[in-house]
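I opened the model today and kept notes as I went. Each entry says what I looked up and what I found.

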Amino acid sequence: MDTEAVRSFVRAADLGQLRHAADELGVTQQAVSKRIATLERGLDVRLFTRTARGVELTLDGQAFLPHARSIIAGVDRAVTAIRPGSRALRIDVLGLRSAQAVILHDYWRSRPGTDLDVVTLRVDDPRVAVAAVQAGDVDASFRTITDPATLPRDVRMIPAFGSPLELLVGPRHPLAAARTLTPSELRGHRIWVPGIAPLSEWAEFYAQLATAFDLRIDATGPNFGNEVLLDTLADSADVATLVGARDRYIWPTNYDIRRIPLVNPALVYPLSLIFPSANPHPELRSVIDHFTGLAPLPETAWLPSWARRWHDQPRGKYHLPNRSNN
């Protein structure tokens, strides 16, 4: 099997467009297309469907993707074995528009020479991400095991940063004119959060949030992506959603969607970083240090039960512990 064809498939799957994959790989879009077509012929399946926005994985493509990642990771580890220090730092984020990706982009901009590879494993169960760290497929993952006692001994998990939530609403929503909102003011309003997957840490987060503040958090219906969610909000007079303050969302100006901070208390989604206990990538220390320069949480903040120990310092500040790369 042509490993460069497999690599082209993985990057196209991650980026959603052949052109972007080609730019990243340093080849032409035609070359990437030919590689993937050859791979599809060899496997006798279609891996992608072409859309107006780029490419989307077929069911066969979704099934093949984790194995393809393992193939590429194995090749990369083989190369690294004979060229120490040559491999990029590979970090898994929940999405390329997520707060984690935004923070990593800020880090990279401050250190433009850093060899950084940001990937999305596209798995909901954080235990799968832990397995990817153990296997060396990624060097670190922004995931949380909400019961740290169940963590394998060969991985470590530390607090990374907290992401305060904001309410996202269209112009006709009854809360659209607010400058800030308290959690109690959200009661009775439909907060639609599609994509709350069983076994995910965000499923537990939203369950605790709904219970703590008597909120109506609705996860019904399929998750068609951010674009459909934004279309719905722009046209609706009664649907809102929650997003992280650092999450990057883009919509047409005529949508007039508003982001409203939540205060007294701020509702904070905690992000953890999981990485190997022994011999983590040497660049990881600098990334961890970068978190300490982020703005502290508001004095009054709500976090889920597994993260409340993060917020036990005066004035609502929390810091990463000092760490060693040994």
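**Entry 1: Arg156**

I began with Arg156, which is partly exposed at a relative accessible area of 38%. The term has cut-offs: buried means under 20% relative accessible area, exposed means over 50%, and partly exposed lies in between (1.4 Å probe, protein chains only). Arg156 sits in strand 6, residues 155-169. Helices (H or I, at least four residues) and strands (E, at least two) are DSSP runs, numbered from the N terminus. I also looked up Arg156 against Val130: they are 26 residues apart in sequence and 9.5 Å apart in space, C-alpha to C-alpha.

I noted the ground rules here. This is a predicted model, in which local features need pLDDT of at least 70 and side-chain atom pairs count only at pLDDT 80 or more, while totals for chains, interfaces and linings use all residues. Residues are numbered from 1 along each chain as its sequence is written, and side-chain values use heavy atoms, with hydrogens and water left out.

**Entry 2: helix 1**

Next I checked the length of helix 1, residues 3-15. The expected span of a helix is 1.5 Å times one less than its number of residues. For the 13 residues of helix 1 that gives 18 Å, and the end C-alpha atoms are 18 Å apart, so the two agree.

How many of the 13 residues of helix 1 are buried? I found 10, so the helix is largely enclosed by the rest of the structure. Among them are Ala5, Val6, Phe9 and Val10, and also the charged residues Arg7, Arg11 and Asp14.

Then I looked at both ends. At the start of helix 1, a side-chain oxygen of Asp2 comes within 3.0 Å of the backbone nitrogen of Glu4. I call that a polar contact: a pair of N or O atoms within 3.5 Å, where, within protein, one must be able to donate a hydrogen and the other to accept it, and residues adjacent in sequence count only if both atoms are side-chain atoms. After helix 1 comes Gly16, with a positive phi near 80°.

**Entry 3: Thr241**

I moved to strand 9 (residues 239-244), where Thr241 lies. Is Thr241 buried or exposed? Thr241 is buried, at a relative accessible area of 2%. Its side chain reaches the backbone oxygen of Trp192 at 2.6 Å. Contact means heavy atoms within 4.5 Å.

Most residues other than glycine have a negative phi, and most peptide bonds are trans. I looked for exceptions.

Leu199 has a positive phi, near 75°. Leu199 is in the loop between strand 7 (190-192) and helix 7 (201-213). At 59% relative accessibility, Leu199 counts as exposed.

Asn264 also has a positive phi, near 50°. Asn264 counts as exposed, at 57% relative accessibility. A cis peptide bond joins Asn264 to Pro265, with omega about 5°. Pro265 lies in the loop between strand 10 (258-261) and strand 11 (266-276).

Asp139 is in the loop between helix 6 (126-135) and strand 5 (140-141). With a relative accessible area of 8%, Asp139 is buried. Which backbone nitrogen lies 2.7 Å from a polar atom of the side chain of Asp139? I found that of Arg90. Asp139 and Pro280 are 141 residues apart in sequence, and 6.9 Å apart in space, C-alpha to C-alpha.

Leaving aside neighbours within four places in sequence, Asp139 has contacts that include Arg87, Ile274, Phe275 and His281. I followed the last name. His281 is in the loop between strand 11 and helix 9 (284-291). At 14% relative accessibility, His281 counts as buried. Its side chain reaches the backbone nitrogen of Glu283 at 3.1 Å.

**Entry 4: a pocket**

I ended with the second largest pocket, with a volume of about 190 Å³. On a 1 Å grid over the protein atoms alone, a pocket is an open set of points where a 1.4 Å probe fits, with protein on both sides within 12 Å along at least five of seven lines; lining residues have an atom within 4 Å of a point. A volume is the space filled by probe spheres set on the points.

The second largest pocket is lined by 13 residues, and Arg87, Gly136, Asp139, Pro276 and Asn279 lie nearest its centre. The lining divides into six nonpolar, four polar and three charged residues. Ala, Val, Leu, Ile, Met, Phe, Trp, Tyr, Cys and Pro count as nonpolar, Asp, Glu, Lys and Arg as charged, and the others, Gly among them, as polar.
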